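My notes are below the structure.

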Amino acid sequence: MSAETVAATAYAAFLVVCALGLDALGRHTHERSGRFRTQGFSYDAGLDLWVCPEGEQLRAFAIDHRHRVARYRARPMICNACPAKDGCTDSEEGREIVRPMDPWPHSEAGRFHRGISVVLLGLASVIALAGIFLNPSLPDLILLGAMLTVSVLVGLRMSRAFAAMPSGFPDDLDSIPARALTARSPELPLK
């Protein structure tokens with residue numbers, strides 16, 4: 001096995017590890033940011049509302065298609081009279097929580113991190129492929145072929161996110177009230 005093959009394989013493996021690490025770091029940051037913004041609040045997916053630590057419900061009041069988020073707000077009269085308001089919000093309109101409509105990696109930040117990861121995996125594949133053509137001995141082919149297979153399979157797995165959610169999010173829609181877009185049962189009115 002040649003020194004060039006070992007170096008190419010090591011570099012391609014390093015790029016694969018960097019791509020996986022960058023993707024994991026982006027996911028972790030996205031989830032941590034979401035937990036920070038909603039700390040102490042709990043989301044009820046069945047009712048599509050947030051409940052604050054004091055028991056007040058934050059109901060959906062708008063869906064912003066431009067930024068791909070749903071906005072939830074507590075009733076101002078309850079929020080303004082709450083003893084915990086100073087530590088919660090300074091808004092006179094009630095506490096607001098913004099929830100992304102798209103899961104990771106379909107957010108813009110997720111697509112950015114995933115895009116860089118896919119580029120790194122593509123570069124790892126090119127390095128392994130170039131090594132295969134430059135060093136055609138059997139041990140070199142086995143090692144570089146395995147590295148090429150790993151980088152291509154991981155790259156295909158990561159690139160599915162781009163096919164599932166194109167980057168052309170609708171930008172011609174302004175914020176639309178949630179009641180215009182969501183079918184609700186009569187017992188769950190939006191306020």
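These entries go through the strands, then the pockets, then the patch.

**Basis.** I am working from a predicted model, in which local features need pLDDT of at least 70, side-chain atom pairs count only at pLDDT 80 or more, and totals for chains, interfaces and linings use all residues. Residues are numbered from 1 along each chain as its sequence is written, and side-chain values use heavy atoms, with hydrogens and water left out.

**Strands.** I took helices (H or I, at least four residues) and strands (E, at least two) as DSSP runs numbered from the N terminus, and counted two strands as paired if DSSP finds at least two bridges between them. I looked up strand 3 (residues 57-64) and found it antiparallel to strand 4 (residues 69-73), with five bridges joining them. Arginine 59 has arginine 73 of strand 4 opposite. I noted isoleucine 97 in strand 5 as the bridge partner of tyrosine 72.

**Pockets.** A pocket here is an open set of points on a 1 Å grid over the protein atoms alone, where a 1.4 Å probe fits, with protein on both sides within 12 Å along at least five of seven lines; lining residues have an atom within 4 Å of a point. A volume is the space filled by probe spheres set on the points, which are joined across faces, edges and corners. For the largest pocket I read about 480 Å³. Its lining has 25 residues, and His30, Arg37, Pro100, Asp102 and Ser107 lie nearest the centre. Helix 1 (3-37), strand 5 and helix 3 (108-134) are the elements that give two or more residues to this lining. Helix 1 gives the largest share, seven residues.

The second largest pocket has a volume of about 200 Å³. I counted 16 lining residues there, with Cys52, Glu54, Cys82, Ala84 and Cys88 nearest its centre.

**Patch.** Patch residues have over 30% relative accessible area and no salt bridge, and nonpolar side chains (Val, Leu, Ile, Met, Phe, Trp, Tyr) are joined within 5 Å. Which residues form the nonpolar patch on the surface? I found Tyr11, Phe14, Leu123 and Val126, with about 390 Å² of accessible area together (Shrake-Rupley, 1.4 Å probe). A salt bridge means a Lys or Arg side-chain nitrogen within 4 Å of a carboxyl oxygen of Asp or Glu. Helix 1 and helix 3 each supply at least two residues of the patch, and valine 126 is in helix 3.

Notes
Patches are made of residues with over 30% relative accessible area and no salt bridge: like charges are joined within 9 Å, nonpolar side chains (Val, Leu, Ile, Met, Phe, Trp, Tyr) within 5 Å.
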